[in-house]
Amino acid sequence: MQRRYITVDVFTDRAFGGNQLAVVLDAGGLSTAQMQAIATEFNYSETTFVLPPRDKANDAEVRIFTPVRELPFAGHPNVGTAFVLASLAREPKSRLLFEEKAGLVPVDIVREQGRVVSTELTAPQPLSRLAQCSAEEVAACISLTADDIKTDHHAPQVVGVGTPFVVAEVRSREAVRRARPDAAAFGRMLPRDGAFSVYFYTRDVPAAEASCERQARMFFPGASGLIEDPATGSATIAAAALFADLDPARDGELKLTIGQGFDMGRPSILLTRVRKRDGKIVSAHVGGSCVQMMAGTFRLARDS
């Protein structure tokens, strides 16, 4: 059978920015091995497969694959998949509900003049703060020195709201810019508490990037070694939840605009908000714009 796919650039309002995503729309009947092979063939940081929901009250089951493994939850795949499905829908909805390995993921749809312009997901799990890492370990992973890692706000730590990441603060924008992944150091430190990736950010944002309040990068294992992700919604939302958790006296809605991908020529803008009540996190969200890039079909040789 012919299977449709659409590719989108996520967390950007212009083509060739943000993070690439392939959305396979007719995934029914595909095995896990076939999904993994297709994701490896696309070779984007993630590919999603849309299946009928197990519960008819929901909109779809969504499975998410990197080129090397399946993920229980990820950010830009949800934002992009919701954008695609909402854009194709005959009857507009303001929210889609996706069944995923990490739980039920709500994604809100923003329209202007009838056109989908952005989407925003709600994290499927509460913030988990797991193992801490030393500044020396994290610095080695990204080819910096321990002095480049800031620990006054928080130590480097594995955190997650569905998928875990090592999150670390870096002292300067210049240090973020010169970071490079080191495979040997990654192998020594990771995996740790389920984290395979290092997400690092700085508060030192130059005037030219003043639309963002943080600048971040993320390195992770790809099919051909360690690679960089242009926009990592699941790590960004976990980091935003961590920032909110570190300020227990502050309630209300905490908003941050975080840039990523600037140093690899795919600038991404991620909009986060965390809601707190009585010093506790009630919900965490990340969203942004998307641009459709390509559409097509494929047929596997052994497809019926």
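The side chain of Arg-192 is in polar contact with the side chain of Glu-137, at 2.8 Å. The model in which this pair occurs is a predicted one. Arg-192 sits in the loop that runs between helix H5 (183-189) and strand S13 (198-202). Its side chain also reaches a backbone atom, the oxygen of Gln-132, at 3.5 Å. With neighbours within four places in sequence left aside, the residues in contact with Arg-192 are Ala-131, Gln-132, Cys-133, Glu-137 and Val-158.

The protein is divided into two parts, domain 1 (2-122 + 289-299) and domain 2 (128-284). Their contact takes 23 residues from domain 1 and 23 residues from domain 2. The C-alpha centres of the two domains are 24 Å apart. The size of an interface is often given as the accessible area lost when the parts come together. For domain 1 and domain 2 this buried area is about 1700 Å², of which 54% is on carbon and sulfur atoms. On the side of domain 1, the residues that lose the most area to domain 2 are Phe-11, Arg-69 and Phe-73, which together account for 31% of what that side buries.

Polar terms across the interface were also counted. Between domain 1 and domain 2 there are two salt bridges, and 10 residue pairs are in polar contact, both residues being at pLDDT 80 or more. The side of domain 1 that touches domain 2 receives at least two residues from each of strand S1 (3-10), strand S2 (19-24), helix H2 (75-88) and strand S8 (115-122). S8 provides the largest share of that side, three residues. A salt bridge joins Glu-120 to Arg-273, with 2.8 Å between the closest N and O atoms.

The largest nonpolar core comprises 56 residues, and Phe-98, Leu-121, Val-167 and Tyr-199 have the most contacts inside it. Helix H6 (residues 233-245) gives the most to this core, nine residues. Both domains take part, since at least three residues of the core come from each of domain 1 (2-122 + 289-299) and domain 2 (128-284). Leu-121, one of the residues with the most contacts inside the core, is in contact with Phe-73, Ala-74, Gly-75, Asn-78, Val-79, Val-105, Pro-106, Val-107, Ile-237, Ala-284, His-285 and Val-286 when neighbours within four places in sequence are left aside. Another core, of 23 residues, lies apart from the largest one and includes Cys-133, Ala-135, Ile-149 and Ala-175.

Note on methods:
Residues are numbered from 1 along each chain as its sequence is written. This is a predicted model: local features need pLDDT of at least 70, side-chain atom pairs count only at pLDDT 80 or more; totals for chains, interfaces and linings use all residues. Side-chain values use heavy atoms; hydrogens and water are left out. A nonpolar core is a set of buried Ala, Val, Leu, Ile, Met, Phe, Trp, Tyr and Cys residues joined through side-chain atoms within 4.5 Å. Buried means under 20% relative accessible area, exposed over 50%, partly exposed in between (1.4 Å probe, protein chains only). Helices (H or I, at least four residues) and strands (E, at least two) are DSSP runs, numbered from the N terminus. Domain bounds come from an automatic or database domain assignment. Contact means heavy atoms within 4.5 Å. Buried area is the accessible area (1.4 Å probe) that two parts lose on being put together, summed over both. A salt bridge is a side-chain nitrogen of Lys or Arg within 4 Å of a carboxyl oxygen of Asp or Glu. A polar contact is a pair of N or O atoms within 3.5 Å; within protein, one must be able to donate a hydrogen and the other to accept it, and residues adjacent in sequence count only if both atoms are side-chain atoms.
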